[in-house]
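Here is a short report on one structure. Look at the sequence and the 3D view before reading on.

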Amino acid sequence: MPAPVSDSSPSGALVLSSSVDREVVYPIRHEVKPPIARLSISWARGNSFRVSIFKQQCGDNSAGSDDGEVGGQVLEVKIRNGDTEISAAEFRRIAYGSVSPFALLQSRKNMVLGLSKMSMGLSQFNPDGWEYIAEYSKDVSSILGNPKSLPSSAIEDPLEILKKVEEPTCLKAAWELMDVFYADKQSHWWLNERLVDWLAEYDSVLLTRQSTIHSKLFNFQKELDDLQVVEDNPSYWDVISSALAVGWQEIVVKMLRLHGSYQLDQLSNRETENGLVEAVAVLISKMPRMRPELDSGRLGECFKTKPDFTKAWEKWRSQITKLDGSAFWVYCAHVQTREGLRNMLQIILGNVESLSGATCNWMELYISQLLYVRPFTMGLESMYNLAERCMQLKKTSNTDRLMRLMIGILGESTEVVLAECSRGFGPWMVTHAMELLTEESDQVEVLLHEELHDLGGISIEELHRLVYAQVLCSHAFTWQIAPIYLTSCAKQGIGFLETLLYNQPVQHNGMLLKNLEICRLYELDGLSSNIMKIAGVYHWKHGRKAFGVFWLRKARDEVRLNKIALQLFDSVGKSISDESFKQWEGLIELLGSESKNTGGLEFLHKYRDFKKSLHQVHHKGKTTGVVQSAVDSLIALMKNPSTPQRFWLPILNDSLKLIDWHEGPLLNVEQTNLLLNKLQELSMARLRPDFVESDLTPLALSSIRLALAKNLGRAFLEG
Amino acid sequence: MAIVSPQQQPQIHRFPQFKYIDGVRWLPPLSAFGRFAVVALFDSDSDSSSIEIHSLTQNPLDMAPQSAWTSPSRISSLKTSQFYQNPLVFASTYTGSLHVLSVEPMDASLDSELSVPEKILHDRPISCVDVMDSGGECLTVAEDGRVNLVSVGESGLNYRRIFDSNGLVSYTAAKWASPTEFATGGCGFSLQWWDQRKPGGAVCQFKGDWASGIVHCMDIHPSRKHTCLAGGSFGTVFAWDLRWQQQPIILSGLEGSKTSNFSPCESEVWEVRYDPYIKSGNIGGMSSSQILPAMICSEDGIITSIEQGKQPVELLAEPCAINGFDIDHQHPSEVICNLEWESVAILSRP
């Protein structure tokens with residue numbers, strides 16, 4: 001039972017144990033002096049929450065009693081689970097790595113499903129179905145780390161019985177166990193030997209109160225350098241028989257060769273003893289194994305068919321029995337050697353008491369029985385019965401999570417396997433391991449995919465994926481891979497995804513674009529335009545007008561663009577002489593010449609064109625082309641409904657020269673009437689309370705009126 | 001996409017950093033031996049940012065941190081340059097400060113630091129910094145619409161505002177063309193050309209009207225100062241030749257896919273660089289309007305070399321975004337890039 005950690009500083013983390021179902025007190029260290037007035041708790045980024053501690057507000061009477069300090073302290077408290085084996089950074093590495101295998105398997109499944117349109121397993125349709133699963137399992141396994149041999153000296157150390165390897169993780173051990181039973185169906189004919197291999201690799205991560213064979217070997221290795229006569233030491237024989245029990249034959253043979261009788265000076269007077277040691281060593285190295293092959297350096301003779309193996313096994317056993325009954329034992333003077341070797345023979349012959357004595361926990365005992373007592377493959381049911389018997393022989397109060405998983409698998413209970421995956425190894429494991437289970441049988445298929453009323457109409461598979469996706473979402477770096485898992489959830493995945501994407505910050509364009517890219521990939525167009533609206537308003541509020549307009553335009557948000565336009569016009573210079581208009585050029589360029597999706601902002605573009613042509617009239621040409629284009633832009637502006645009313649008068653004032661053109665009327669009757677009507681509308685609007693008075697003099701208004709009237713007269717005459 | 005024969009495939013080495021990588025650059029050589037890379041990192045657990053110098057060793061290729069400097073905020077743009085034989089690291093932050101670090105040649109440690117605090121150059125994150133090839137002149141641009149020039153002087157950093165659009169135009173990329181000229185890019189695929197001899201605004205502007213995207217990165221080749229290469233949204237890479245101002249040459253992107261060009265990516269192009277490794281015939285004999293070969297990386301997770309009129313060649317395809325890369329000027333076959341999933345990758349081309 002892991003106890004709550006007493007030392008939890010702001011920088012440290014709370015350790016929450018999932019197996020605790022009673023109240024637990026987690027102390028938080030803070031520097032606020034009592035009395036404390038208020039405490040507030042809120043979620044912070046990721047897996048952390050914020051505890052704000054407020055000091056009592058000091059009254060008048062506290063003048064002398066306190067240091068006068070007010071305020072409080074805010075602490076960020078991180079939550080992590082008790083699994084210290086895998087750090088948060090290492091978990092992220094695993095999460096990143098498992099995305100590709102998972103996505104590949106999903107797309108293959110969908111492809112097969114699309115081909116068949118029937119709810120039957122992958123394997124029934126596709127002969128390569130198992131290969132897909134096996135490939136997936138291998139890919140995921142490789143992410144969990146490969147046991148790398150640490151660099152050792154080129155010359156083999158005769159005293160090095162345990163190879164130095166990087167410590168494997170419990171998570172990898174669990175995955176490999178799942179792989180043995182569910183993914184690698186091709187190897188089921190040599191399941192026993194696979195389990196032997198599995199234990200050889202992961203015995204060191206079995207967490208029990210008692211020691212393991214690995215830890216015994218590890219401790220003996222440390223003593224070995226100081227031992228003069230190894231065979232006199234009882235732990236030498238103890239360790240050898242333990243290693244033999246679980247089939248680590250290379251270690252056994254190597255250790256036997258350390259026996260003192262091999263030394264040249266002793267060979268002559270310990271001849272019989274040495275003969276016996278060597279005979280056992282040779283027999284062990286010739287053990288028949290029901291498996292396709294052995295890695296180089298490993299001992300045994302492989303057999304691929306049951307009859308061949310049975311024959312070799314019987315022959316080998318008879319040799320052992322013969323040696324056991326040999327007369328030479330009497331001549332072996334060294335008691336420890338005699339006893340030790342004969343015990344080893346009993347282990348090989350499958351004497352349950354010897355096996356039980358040589359192993360430390362039921363898992364090791366179980367493997368030893370698979371190796372020496374029941375070397376032939378059997379059904380899961382009898383494997384389960386055997387495991388139960390082993391557990392009775394090696395009773396422990398506390399069982400390891402790997403052992404619990406093993407029992408679940410042997411018990412053929414999918415629910416238990418899932419529960420153990422989830423309880424022991426977390427959401428990552430259960431989500432990814434489920435893929436191995438789905439092909440198991442129709443019954444499992446139904447169990448995982450049935451929509452359950454209790455779960456709000458989602459299946460167990462979807463539930464676990466959603467939980468895992470939530471874990472990914474809780475971190476700023478991994479939320480981007482959550483969509484892969486969410487989109488594989490038929491019922492609620494898209495809903496969750498939308499919430500996730502909505503909640504992402506829009507401050508930085510880089511982040512925003514990554515967000516929008518996910519929307520694009522999953523064709524969430526509506527969401528994408530909403531996010532752009534949020535971004536647009538955010539940038540606008542923070543004075544980055546260009547980006548505000550850019551995003552709102554992309555979102556086709558006419559309503560907000562119109563509102564923005566009204567604000568913008570306030571700051572746009574209203575008179576032709578205003579040089580500040582030049583700085584608007586960039587924004588106007590951004591708007592482009594097309595008036596689509598710009599809302600009221602299209603006015604800016606037209607206004608700019610008008611000012612440009614007017615400028616040309618004033619400074620450059622009196623050519624009819626230039627003048628005519630100025631008139632055209634004037635009329636276009638005044639006709640356009642998006643031209644704000646308060647611009648009408650300044651525009652007309654700016655165009656006085658055009659209206660009162662010295663070479664004759666430029667505007668025809670219809671155009672002049674339009675302008676006069678606008679003027680009339682303005683004087684009507686003056687009566688409304690929200691009218692904005694222009695800063696032009698009343699004189700300007702009358703001169704516009706006069707010029708228009710004059711032009712109308714001249715236009716009549718010309719017409 | 002052109003098929004690359006196995007002999008031409010680059011060797012790829014990935015180095016997990018267990019921290020988010022905000023930027024990565026090669027460091028100009030410190031001495032005859034030893035190669036170094038500069039990595040800008042963000043650690044979410046401690047909410048801290050740093051710049052680290054990593055030394056690279058060959059056979060097998062490995063990188064290990066050599067020295068580190070803690071940054072007050074996340075790095076938004078990272079550049080290196082060589083100034084009087086001393087390598088300098090220029091880094092801008094999301095809070096708007098600029099830091100110039102010098103690297104001690106003896107032990108590759110980051111020793112002295114000059115900085116301009118936040119709110120002086122820019123109000124908000126600095127989008128991009130660009131340093132003149134052989135010097136201490138650094139441009140900074142941002143979404144707030146300001147363009148600043150920061151120079152490394154005897155007594156520290158001197159800075160001067162070149163332009164302020166008050167947010168009416170936002171700049172997201174910048175690149176020096178000559179000691180007096182430079183180019184900037186922004187939203188709406190717009191590019192601006194500036195000449196310090198003509199103050200008061202951009203000399204000329206290119207408005208990319210065809211689609212509303214953002215320019216993320218630019219490059220200008222020293223032998224082709226009139227051509228500005230830009231990359232941005234929708235896998236777009238285009239060249240703007242000042243001599244034919246309103247006709248961009250589209251090398252990749254949505255527009256390109258309508259014509260015969262195959263677009264290597266569809267998402268944001270985060271970095272574009274001319275690629276000195278590809279010897280495209282006789283460069284001297286090439287028409288000056290021909291665009292030189294370039295390399296891009298994108299949000300879709302690819303690094304591709306693109307060449308006008310040729311099929312793009314994919315060098316790296318990752319399941320996650322590639323946020324930036326740098327080509328080693330001393331060894332152009334070597335490319336270092338930062339991957340979204342907290343790791344650095346080094347490509348060695350044969």
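## Chain A as a whole

In chain A, among contacts with a separation of 6 or more, 64% join residues 24 or more positions apart. Contact means heavy atoms within 4.5 Å. Chain A has 719 residues, and 47% of them count as buried. Buried means under 20% relative accessible area, exposed means over 50%, and partly exposed lies in between (1.4 Å probe, protein chains only). Chain A holds 32 helices and six strands. Helices (H or I, at least four residues) and strands (E, at least two) are DSSP runs, numbered from the N terminus.

## Model and confidence

This is a predicted model: local features need pLDDT of at least 70, side-chain atom pairs count only at pLDDT 80 or more, and totals for chains, interfaces and linings use all residues. Residues are numbered from 1 along each chain as its sequence is written, chains are lettered from A and ligands numbered from 1 in the order in which they are written, and side-chain values use heavy atoms, with hydrogens and water left out.

The model scores ipTM 0.91 and pTM 0.84. Chain B has an average pLDDT of 87, and 93% of its residues score at least 70. The pLDDT is the predictor's confidence in each residue, from 0 to 100. Where pLDDT is low, the predicted coordinates should not be read in detail.

## Two helix pairs in chain A

Two packed helices are described by the angle between their axes and the distance between the axes. Axes are lines fitted to C-alpha atoms, for helices over the stretch in contact, and angles run from 0 to 180 degrees between N-to-C directions. Take helix H10 (residues 271–285) and helix H12 (residues 335–348) of chain A: their axes come within 11 Å and cross at roughly 20°. That makes H10(A) roughly parallel to H12(A); the term covers angles under 35 degrees. On the H10(A) side, the contact uses Glu273(A), Leu276(A), Val277(A), Val280(A) and Ile284(A). H12(A) brings Thr337(A), Leu341(A), Met344(A), Leu345(A) and Ile348(A). By class, eight of these residues are nonpolar, one is polar and one is charged. Ala, Val, Leu, Ile, Met, Phe, Trp, Tyr, Cys and Pro count as nonpolar, Asp, Glu, Lys and Arg as charged, and the others, Gly among them, as polar.

Next come helix H19 (residues 460–473) and helix H21 (residues 493–502) of chain A, which pack at about 10° with axes 11 Å apart. H19(A) and H21(A) are therefore roughly parallel to each other. H19(A) contributes Glu462(A), Leu466(A), Gln470(A) and Cys473(A), and H21(A) contributes Gly493(A), Phe496(A) and Leu500(A). Four residues of this contact are nonpolar, two polar and one charged.

## Loops and a strand in chain B

The peptide bond from Asn59(B) to Pro60(B) is cis, with omega near -10°. Pro60(B) lies in the loop between strands E4 (48–57) and E5 (62–71) of chain B. Ala108(B) is not a glycine, yet its phi is positive, near 55°. Is Ala108(B) buried or exposed? Ala108(B) is buried, at 1% relative accessible area. Lys119(B), also not a glycine, has a positive phi of about 70°. Lys119(B) is exposed, at 62%.

Ile12(B) sits in strand E1 (residues 11–16) of chain B. At 29% relative accessibility, Ile12(B) is partly exposed. Which residue lies 335 residues from Ile12(B) in sequence but 4.7 Å away in space, C-alpha to C-alpha? That residue is Leu347(B). Not counting residues up to four places away in sequence, Ile12(B) touches Leu315(B), Leu316(B), Ile346(B) and Leu347(B).

How values were computed
Parallel < 35°, antiparallel > 145°, perpendicular 65-115°, else oblique.
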